[in-house]
Amino acid sequence: MQLGKDTGLSLGFLAGTTLGSGIAFLFQLQAYEVVGSVSLFGIIGALSGLWTAIFLRQRQRQH
């Protein structure tokens, strides 16, 4: 399976929101704090997944 930009973005968003939800659960945050945590980690995850897809594609082209 080749990791494209859309796949990297989707997987990163999924991982980020899952991590944000887990952290919110562990710290027993209230509703607004949960939404903020999940949103923040979702955005961070999506950006890191997109960066990883771009990085791996450039690395494949070099070799």
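Student: How many helices and strands does the protein have?
Tutor: Two helices and zero strands, where helices (H or I, at least four residues) and strands (E, at least two) are DSSP runs numbered from the N terminus. Keep in mind this is a predicted model, where local features need pLDDT of at least 70, side-chain atom pairs count only at pLDDT 80 or more, and totals for chains, interfaces and linings use all residues. Residues are numbered from 1 along each chain as its sequence is written, and side-chain values use heavy atoms, with hydrogens and water left out.

Student: Switching to the helices, at what angle do α1 and α2 cross?
Tutor: Roughly 150°, with the axes of α1 (residues 5-26) and α2 (residues 31-62) coming within 6 Å. Axes here are lines fitted to C-alpha atoms, for helices over the stretch in contact, and angles run from 0 to 180 degrees between N-to-C directions. That makes α1 roughly antiparallel to α2; the cut-offs are under 35 degrees for roughly parallel, over 145 for roughly antiparallel, 65 to 115 for roughly perpendicular, and oblique for the rest.

Student: Which residues make that contact?
Tutor: On α1 they include G8, L9, G12 and G16, and on α2 they include G42, G45, A46 and G49. Contact means heavy atoms within 4.5 Å.

Student: Let's zoom in on L9. What does L9 touch?
Tutor: Leaving aside neighbours within four places in sequence, L9 is in contact with A46, G49 and L50. L9 sits in helix α1 and is partly exposed, with a relative accessible area of 38%.

Student: How far is L9 from A24 in space?
Tutor: 22 Å, C-alpha to C-alpha, and they are 15 residues apart in sequence.

Student: What about S37, buried or exposed?
Tutor: S37 is buried, at a relative accessible area of 9%. S37 lies in helix α2 and touches G20, A24 and L29, not counting residues up to four places away in sequence.

How values were computed. Buried < 20%, exposed > 50% of the residue type's maximum accessible area, 1.4 Å probe, protein only.
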